[in-house]
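Please examine the structure shown here, following its helices and the side chains between them.

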Amino acid sequence: MQYMIGQVRSEDATHLKKSISRYASYDSNGLEPAIFPDSKESHAKMGLNHPQLARMLCPIKHLMEYQKLPSQFLCRTKNKIESGEIKMDARGWPALLYKGKVAGESFDQQNMQDGLFEGYIVKRVLKHILTGPSSALAGNDFHISNTCNASLHGMMSFEAEHIAYGAVQARSSISSRDKWSENDGAFSYRKFYYRIIDVIRNPPDEAWAAAILQHYNLYVSSLRMYSI
């Protein structure tokens, strides 16, 4: 069973790499500099090596530093990660999890839950996986095939696990790795996955957690999901 789960996860990651350049760009026109899905050289230029993707991967608490000196952030961050000064691990939420046309642009340090798990790339990745690639950039009004994953599995509502899986695949897909791996340096996707589930299931604010699930259920309205 674990082998089968691993295979599905790896297949999702492989398919996402082909489309992630458009999903990562808010206007879906692609990234600058451009990333070509079938090029291994392009993969090497992703992650922290790409200015737009670096911002998305940036731990949210370090985002202010990135905003002040984005062009210098890449080199400085690499050095700080290598030295251990910046710990890019599952304990720090990446900016891609937050809402905004630009990752983390509306982040409020006084209210860190505001906008958390509402990042556009997470939603697009979930739609790609659950309702098909053609739905990922189609807004809320799109055709659902009876053969899509959501229909095949009789999915009626979003759970914390769905959001966590989408976040894992979103982060993995914009990294510089060309294949799925459970770890990206010090970043453990397993810990990341279970941390997201725990935050939603055992939140400091029950109303916030309910609103997040409702947000996702309403977002993909064509699935006729029930609000929670």
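Phe 192 touches Ala 90, Trp 93, Pro 94, Leu 97, Ala 167, Val 168 and Phe 187, leaving aside residues up to four places away in sequence; contact means heavy atoms within 4.5 Å. This is a predicted model, in which local features need pLDDT of at least 70 and side-chain atom pairs count only at pLDDT 80 or more, while totals for chains, interfaces and linings use all residues. Residues are numbered from 1 along each chain as its sequence is written, and side-chain values use heavy atoms, with hydrogens and water left out.

Phe 192 also belongs to the largest nonpolar core, of 56 residues, where Trp 93, Leu 97, Phe 117, Ile 121 and Phe 192 touch the most other members. Such a core is a set of buried Ala, Val, Leu, Ile, Met, Phe, Trp, Tyr and Cys residues joined through side-chain atoms within 4.5 Å; buried means under 20% relative accessible area, with a 1.4 Å probe and protein chains only. Helix H7 gives the most to this core, with 7 residues. Helices are DSSP runs (H or I, at least four residues), numbered from the N terminus.

How many residues of H7 are buried? The count is 12 of the 12, so H7 is largely enclosed by the rest of the structure. Among them are Tyr 120, Lys 123 and His 128. After H7 comes Gly 132, whose phi is positive, near 105 degrees.

Helix H9 (residues 160-173) meets helix H10 (residues 189-201) through residues including Ala 164 and Val 168 in H9 and Phe 192 and Ile 196 in H10.

Technical notes. Buried means under 20% relative accessible area, exposed over 50%, partly exposed in between (1.4 Å probe, protein chains only). Helices (H or I, at least four residues) and strands (E, at least two) are DSSP runs, numbered from the N terminus. Axes are lines fitted to C-alpha atoms, for helices over the stretch in contact, and angles run from 0 to 180 degrees between N-to-C directions.
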